[in-house]
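This briefing walks through a single protein chain, topic by topic. Please keep the sequence and the structure in view while reading.

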Amino acid sequence: MLRRTMTAMAVTALALSGALVSTAASAAPAARLAVDCKHSISHETPGSASGSFKKSITLKTGPYADCGKVKEFPTGSKFWIWCGAYNNYKNLWYYGRVDGTQTKGWVYADNLVWSGTWKSC
């Protein structure tokens, strides 16, 4: 019992002196990178690349999932790729227009089956 009491006193003394630090409290939160939803477009002309959506897709106002929604389109909709850009997370996004509409926006590259060549935005 005496040994247990001394150990508890030693832990309390270390905690009060600041020598004992909780690992949960000292773990730094993951850094959140800046989101640029107003990413500039160097040109607004179609390239030679196009694709179709692998699933129902909501076009975005910028090259990030957190950017605003433009409009949702169903699986298989054709998308004309005007240019592409990597965001701060190193994810590739394409800017373009949905075929048969005047709706333009950004789509994450992994959500497209595409071919052709594209330019950087």
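A search of the whole structure finds two disulfides, a disulfide being a pair of cysteine sulfur atoms within 2.5 Å. This is a predicted model, in which local features need pLDDT of at least 70, side-chain atom pairs count only at pLDDT 80 or more, and totals for chains, interfaces and linings use all residues. Residues are numbered from 1 along each chain as its sequence is written, and side-chain values use heavy atoms, with hydrogens and water left out.

**Disulfides**

- Numbering the bonded cysteines in sequence order gives the pairing 1-2, 3-4.
- C37 and C67 are joined with an S to S distance of 2.1 Å, and their link is left-handed, with -95° about the S-S bond. This pair connects distant parts of the chain, 30 residues apart, with C37 in the loop between helix 2 (23-26) and strand 1 and C67 in the loop between strand 2 and strand 3 (69-73).
- C37 is partly exposed because its relative accessible area is 24%, whereas C67 counts as buried at 4% relative accessibility; here buried means under 20% relative accessible area, exposed over 50%, and partly exposed in between, with a 1.4 Å probe and protein chains only.
- C83 and C121 are joined with an S to S distance of 1.9 Å, and the link of C83 and C121 is right-handed, with 90° about the S-S bond. This pair also connects distant parts of the chain, 38 residues apart, with C83 in strand 4 and C121 in the segment after strand 8 (119-120).
- C83 has a relative accessibility of 0% and therefore counts as buried.

**Overall make-up**

- The chain holds two helices and eight strands, where helices (H or I, at least four residues) and strands (E, at least two) are DSSP runs, numbered from the N terminus. Their order from the N terminus on is α-α-β-β-β-β-β-β-β-β.
- Of the 121 residues of the chain, 29% count as buried, and the chain exposes about 7900 Å², of which carbon and sulfur atoms supply 57%. Accessible areas come from the Shrake-Rupley method with a 1.4 Å probe, and for residues only the protein chains shown count as cover.
- Among contacts with a separation of 6 or more, 59% come from residues 24 or more positions apart, contact meaning heavy atoms within 4.5 Å.

**Strand pairing**

- Strand 4 and strand 5 run antiparallel and are joined by seven bridges; two strands pair if DSSP finds at least two bridges between them. Y86 has L92 in strand 5 as its bridge partner, and the hairpin of strand 4 and strand 5 has five residues between the strands, with K90 in the turn at a positive phi of about 65°.
- Strand 1 pairs with strand 4 in the antiparallel sense over four bridges, and the bridge partner of S52 in strand 4 is K78.
- Strand 4 and strand 8 run parallel and are joined by two bridges, with G84 opposite S120 in strand 8.
- Strand 5 (residues 92-98) and strand 6 (residues 104-108) run antiparallel, joined by five bridges, and W93 stands opposite Y108 in strand 6. In the hairpin of strand 5 and strand 6, with five residues between the strands, G100 takes a positive phi near 80°.

**Nonpolar cores**

- The largest nonpolar core has 13 residues, and those with the most contacts inside it are F53, L59, F79, Y94, V107 and L112. Such a core is a set of buried Ala, Val, Leu, Ile, Met, Phe, Trp, Tyr and Cys residues joined through side-chain atoms within 4.5 Å.
- Strand 1, strand 2, strand 4 (78-86) and strand 5 are the elements that give two or more residues to this core, and the largest share, three residues, comes from strand 5.
- Apart from this core lies another, of six residues, among them W82, C83, Y95 and W106.

- S50 lies in strand 1 (residues 49-53) and counts as buried because its relative accessibility is 17%. Beyond its neighbours within four places in sequence, S50 contacts residues including K78, F79, W80 and I81.
- K54 sits in the loop between strand 1 and strand 2 (57-60) and counts as partly exposed because its relative accessibility is 49%. Leaving aside neighbours within four places in sequence, K54 is in contact with T75, D110, N111, L112 and V113.
- A polar atom of the K54 side chain lies 3.0 Å from the backbone oxygen of D110.

Terms used. Polar contact = N/O pair within 3.5 Å; in protein donor to acceptor, adjacent residues only side chain to side chain.
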